[in-house]
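Trainee: I am new to this structure and would like a close look at one part of it. Please take a helix and go on from there to the aromatic rings.

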Amino acid sequence: MLRRCNYSIKRLILASALPLLLLTPAVHAADLVVSAAASLTNAFKDLSQAFEAQNPDTKVILNFAASDVLLQQIIKGAPADVFASADQEAMNKAEAEKAVLAASRKNFANNQIVLIVPADSQLRIQQLQDLAQPAVKRVAYGNPASVPVGRYTKAALEHANLWDAVAAKGVPAQNVRQSLDYVARGEVDAGFVFSTDAAIMPDKVKVALQVPSQTAVSYPIAVTSNTKQADMAAKFVAYVLSPAGQSTLARYGFLKP
């Protein structure tokens, strides 16, 4: 009976640990895990390759998702040495949860919110109020509860007294790249993304207008509290802030902080 009980306990422990293990790829001693906002995907792939070239004994493992999703992974114990968020709110939460080292927090880039439509769209959208017209039936945006671009979007629409009207047509996305994909595939009439995301699909989407943000669209980065490679993590943060790192970010459309 005791053996059966112990076996059941072991199965329970394994079952509860499995979802966490699936959150990130296998990590080895020399790996540096960087959890970064989905909008940083292309730029951080280049950044990590250049960083590895300068630090050949280190392999950078990139983990991309919505900022709040990444934070929850880190809080639950998923391996991460660096956290890069697409807004200050997610990083504020990280500090409050003591998931990052506050002294290591730095702003490394800015961005802009844009409204995009499919490249072949015939809709005339020249201002946010045009989203209320009957011809616009579906609008994609990041889920404001967990996606920074969604929070920026909601604030802008609330400022224009349009949130309720647009939300009624809303197609919430799990991250900014999903919102981009919805528009690129023509599954929605319009969508809110960062300007850097729109720039990677110029043949499939076009920018209808720039969206005035109520707060600066700024990206913070920090070393996590549970890192076992604090020095290398700090070195990666320093590289992102360096002239070479900033040049890479600028090449993908990111603005200086």
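Which are the buried residues of helix H4 (residues 88–96)?

Mentor: A word on the source comes before the details. This is a predicted model, in which local features need pLDDT of at least 70 and side-chain atom pairs count only at pLDDT 80 or more, while totals for chains, interfaces and linings use all residues. Residues are numbered from 1 along each chain as its sequence is written, and side-chain values use heavy atoms, with hydrogens and water left out.

In helix H4, Ala90, Met91 and Ala94 are the buried residues. Buried means under 20% relative accessible area, exposed over 50%, and partly exposed in between, with a 1.4 Å probe and protein chains only. Because these residues cover an arc of only 95 degrees around the axis, they sit on the same side of H4; the arc is that of the directions from the helix axis to the C-beta atoms. An α-helix has 3.6 residues a turn, so residues three or four places apart point the same way. Helices (H or I, at least four residues) and strands (E, at least two) are DSSP runs, numbered from the N terminus. The buried residues of H4 pack against helix H3 (67–75), strand E3 (82–84), helix H5 (148–159) and strand E10 (218–223), where contact means heavy atoms within 4.5 Å.

Now the aromatic rings. The structure holds 9 aromatic pairs. Rings of Phe, Tyr and Trp (its six-membered ring) pair if their centres lie within 6.5 Å; planes under 30 degrees apart count as stacked, over 60 as edge-to-face and the rest as tilted. Phe44 and Phe236 form an edge-to-face pair, because their ring centres are 6.0 Å apart and their planes stand at 70 degrees. This pair links distant parts of the chain, with Phe44 in helix H2 (residues 41–54) and Phe236 in helix H9, 192 residues apart. Both Phe44 and Phe236 are buried. The aromatic pair of Tyr141 and Trp163 is tilted, at 5.3 Å centre to centre and 55 degrees between the planes. Tyr141 belongs to strand E6 (residues 139–142) and Trp163 to helix H6 (residues 163–167), so their pair ties together parts that are 22 residues apart in sequence. Tyr141 and Trp163 are buried as well. Ring pairs also link a cluster whose members include Phe44, Phe51, Phe108, Phe236 and Tyr239.
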